[in-house]
Amino acid sequence: MSGNIELLNTTLAATRAADRAALIAYLPAGFPTVDGGIEAVKAVIAGGADIVEIGLPHSDPVLDGPVIQTADDIALRGGVRIADVMRTVREAHEATGVPILVMTYWNPIDRYGVERFTAELAEAGGAGCILPDLPVQESALWREHADKHGLATVFVVAPSSQDARLATITAAGSGFVYAASLMGVTGTRASVGAQAQDLVGRTRATTDLPVCVGLGVSNAAQAAEVAGFADGVIVGSAFVKAMLDAPDEAVGLAAVRSLAGELAEGVRKR
């Protein structure tokens, strides 16, 4: 069965044709529970998210700040497994028709088996993977299987990436390029900063792939700012924090749906 890279491509093409950025939401699988995590994904989509990244909880999340680390710890203590990640992708995609990617570090895939992981993700209706710690020069095996199964390979670029390095990374990627707005870990910030706009410009000079910005966006004004120069706005920690701060799951689901609505309005006001 083929994955949904084409759905991802057409979704990003449609938002570009509408002269706006895509809103891309991140939520970890298994948080606050597997069932609750699936409902949270449905809630952000109902609020206006165009694309969703499902985080595969990991015990050593080097790119993630304290908010997502806390959610990952809750999911891991709850016994979340890769099968639960696949179930989250499947049920969220079947319920909404929206492209769903998995964001994961390389070690869980390596242990699980690349062919097994890509085949199961495609079967679940996944659109691809974001792989923040997989060096592009070591990615041939992954890309071979991802291509075979119709999955996007999204690499992360950073403000420290030199232009030649950007060209190497974007040539190997597909779907879109994840531009980290700053050096550091995930989390909400008071401002996203000029580094992100410079990085988007330098990245676009190397590729026709959409360039989507993450790390730090938490409100409609920031979303509108980033949407002014990027093809997509990626929001994670703000959604997770809304769930963590809620007194119960129902309130949390309402909060993430409301936040998605505000952010969706923001990306349309660039």
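**Exercise 1.** Which residue in β8 is the bridge partner of Tyr178?

*Solution.* In this predicted model, begin with the strands concerned: β7 covers residues 177–180 and β8 covers residues 211–214, and the two run parallel, joined by four bridges. Within this pairing, the partner of Tyr178 in β8 is Cys212.

**Exercise 2.** Determine whether Val256 is buried or exposed, and list its contacts beyond the neighbours within four places in sequence.

*Solution.* First, locate Val256 in helix α12, which spans residues 249–267. Its relative accessibility is 0%, and because buried means under 20%, Val256 counts as buried. Then, with the neighbours within four places in sequence set aside, the residues in contact with Val256 are Ala40, Ala43, Val44, Phe239, Ala242 and Met243.

**Exercise 3.** Describe the geometry of the aromatic pair formed by Trp106 and Trp142, and state what the pair ties together.

*Solution.* The structure holds three aromatic pairs. In the one formed by Trp106 and Trp142, the centres are 6.2 Å apart and the planes stand at 90°, an edge-to-face arrangement. Since Trp106 belongs to helix α5 (residues 106–112) and Trp142 to helix α7 (residues 140–148), the pair ties together parts that are 36 residues apart in sequence. Both of these tryptophans, Trp106 and Trp142, are buried. Finally, ring pairs link Trp106 and Trp142 with Tyr112 and Phe117 into a cluster, and Arg116 lies over the face of Tyr112, 3.8 Å from the ring centre.

Methods
Residues are numbered from 1 along each chain as its sequence is written. This is a predicted model: local features need pLDDT of at least 70, side-chain atom pairs count only at pLDDT 80 or more; totals for chains, interfaces and linings use all residues. Side-chain values use heavy atoms; hydrogens and water are left out. Two strands pair if DSSP finds at least two bridges between them. Buried means under 20% relative accessible area, exposed over 50%, partly exposed in between (1.4 Å probe, protein chains only). Contact means heavy atoms within 4.5 Å. Rings of Phe, Tyr and Trp (its six-membered ring) pair if their centres lie within 6.5 Å; planes under 30 degrees apart count as stacked, over 60 as edge-to-face and the rest as tilted. A charge sits over a ring if NZ of Lys or CZ of Arg is within 6 Å of the ring centre and within 35 degrees of the ring normal.
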